[in-house]
Amino acid sequence: MAWTKVCEKSEIPEGSIKKVWARIGGGIPIAVAHHKNGYVAIPPVCPHLEEPLEDSGMVTGCKLTCTKHLWSWDLETLELKDEAELPLKTYDIKVDGDNLMVYVTEQLEYTFDEDEDIDEETFFDGDDDYDDIW
Amino acid sequence: MAPRNHKNWLKTPKVEYISSECYNNYSIFEQEIEHIFSKVWVPMCHISEMSNDGDFRSTQIANKNVVAVNRGGDVHVFLCPSIDRPAGNGLSTDGLHELHSEVKHGGMVWTTLDLNPSLSVEEWTCGAFDCIADAIDTEEMEVFHYHKAVIDTNYKLWHDTNSEFYHDFMHYFNRVSGFNDEYFARKNIPFDNGHVNVSSFTVNYEEYEGFEDRGELSFPNLPPNQWYMVDLFPGYNFNLRGNAYRSDIVTPLGPNRVLIEFRGYGLKKDTAEERATRVKAHNSIWGPFGRNLHEDLIGVAGQGTTMREGTETRNILHGRHENSTIHDEVGMRHYYEAWGKFLGVNPMNPLALLEDNVQAAE
């Protein structure tokens, strides 16, 4: 494996995070965050409960926050912040001219505990039949 | 309940819920200013803050400057385009447009931007203050504490945290001084116009190290160590804890920013020693460095982060039914039913009807 282009710099303004693909095999999903002092490439989901960080991630300064349960990390030091209990896994990333290049040897993934699923029977899969309540 | 994963967040709840869009959409915020804050009675300050002839106290309601003035002992409230001071004496009100005002419920100064209000303050609050009326209306009160906080959160999230009690587990003080059968048996009592009471119970203050029983200096006619709350629509909270009383007044500054004014009250007839006791009791829990208040502010700031504009829309569950006891979300459901009626929207999907309403108004 080697450095592979994932997107152009202009696609990810500072203070944002975007899901991109490394064109290796069937494609490897990666989230690239542009923080105050550079870029970080990580798996595209939060290590807490698999939230897609492109939708739920918020980059402010050097900090990435998953807005669902406030797990946060310093993207420069990778230090855990706020509610975070697990570290981010990272790919090496560099700027090459106008392009962002990521070094991918294998797909990085987190392990999720399915037993922690909530009581779906009780709370979810409703039928939008609550108009009368309001 | 375990936290929701992404799959759960996207599912349609089978219990009552509201959309997070209620908290972060700018059009909704504008509609709230126009259809709620420009219409309701607002407790803008306390009479003791303007006790001398000529004293005035100003605030902003729905982006308009408003000033309350003491004229020979009577309170008059005016729209005041150019005021730049929170308080003072000797303001000329010549040419200013006077608003309706009343002094009611423990000496609060109430006003409304509605030029022809259909309800008096008494009719608007419709019984929500009855539970503490004997305590706050028997003796004159006065403000001994004032501070304000600007928080990056929606104003309703502050009112929510004053109305719902999941967050009580966040407070170490509540856990050690209150958690007993009586605490959990308290009732949420809805009143018309979206107001809610939280009924009382006996707080065991001495269970918290360094705190003392508050029975001796209870407010008039209040049994020892009782704790009542009045949550007034759309964002005003009145909180009576034994020997100290607090009010929170919100001024929404944007979908994700709110100014909250905190006041602490004692009785005008307090001796210096009694006042010191009340101030200590107030500040130890509700002061900026007190035991509970900052925990609430951190909590709602976090909620503001989770639901700020641009975040993925999700459903906020209001589905707990527990015979109206303290963790029953009846108060939240009651509030959002009133909120939806004011805006003409369904809180489950507020944007669906909002655009139609705006177009119809135009």
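1. In which order do the three strands of the open sheet in chain A stand? The order is S1-S10-S9, and the pairing is antiparallel. Note that this model is predicted.

2. The edges of the chain A sheet come next. They are strand S1 (3-8) and strand S9 (92-96) of chain A. Each of these edge strands pairs on one side only. From one strand to the next, the twist averages 30°.

3. For a landmark, find Trp3(A): it stands opposite Tyr103(A) in S10(A).

4. Now chain B. Seven strands form an open sheet there, in the order S2-S8-S7-S5-S4-S3-S6. The pairing is antiparallel. Strand S2 (42-46) and strand S6 (87-89) of chain B stand at the edges. Each has a single partner strand, so one side of each is left without a neighbour in the sheet.

5. Strand S3 (residues 55-61) of chain B pairs with S6(B) in the antiparallel sense. Three bridges make up this pairing. A residue pair to check on screen is Phe56(B) and Gly88(B): Phe56(B) stands opposite Gly88(B) in S6(B).

Conventions
Residues are numbered from 1 along each chain as its sequence is written. Chains are lettered from A and ligands numbered from 1 in the order in which they are written. This is a predicted model: local features need pLDDT of at least 70, side-chain atom pairs count only at pLDDT 80 or more; totals for chains, interfaces and linings use all residues. Two strands pair if DSSP finds at least two bridges between them. Helices (H or I, at least four residues) and strands (E, at least two) are DSSP runs, numbered from the N terminus. Axes are lines fitted to C-alpha atoms, for helices over the stretch in contact, and angles run from 0 to 180 degrees between N-to-C directions.
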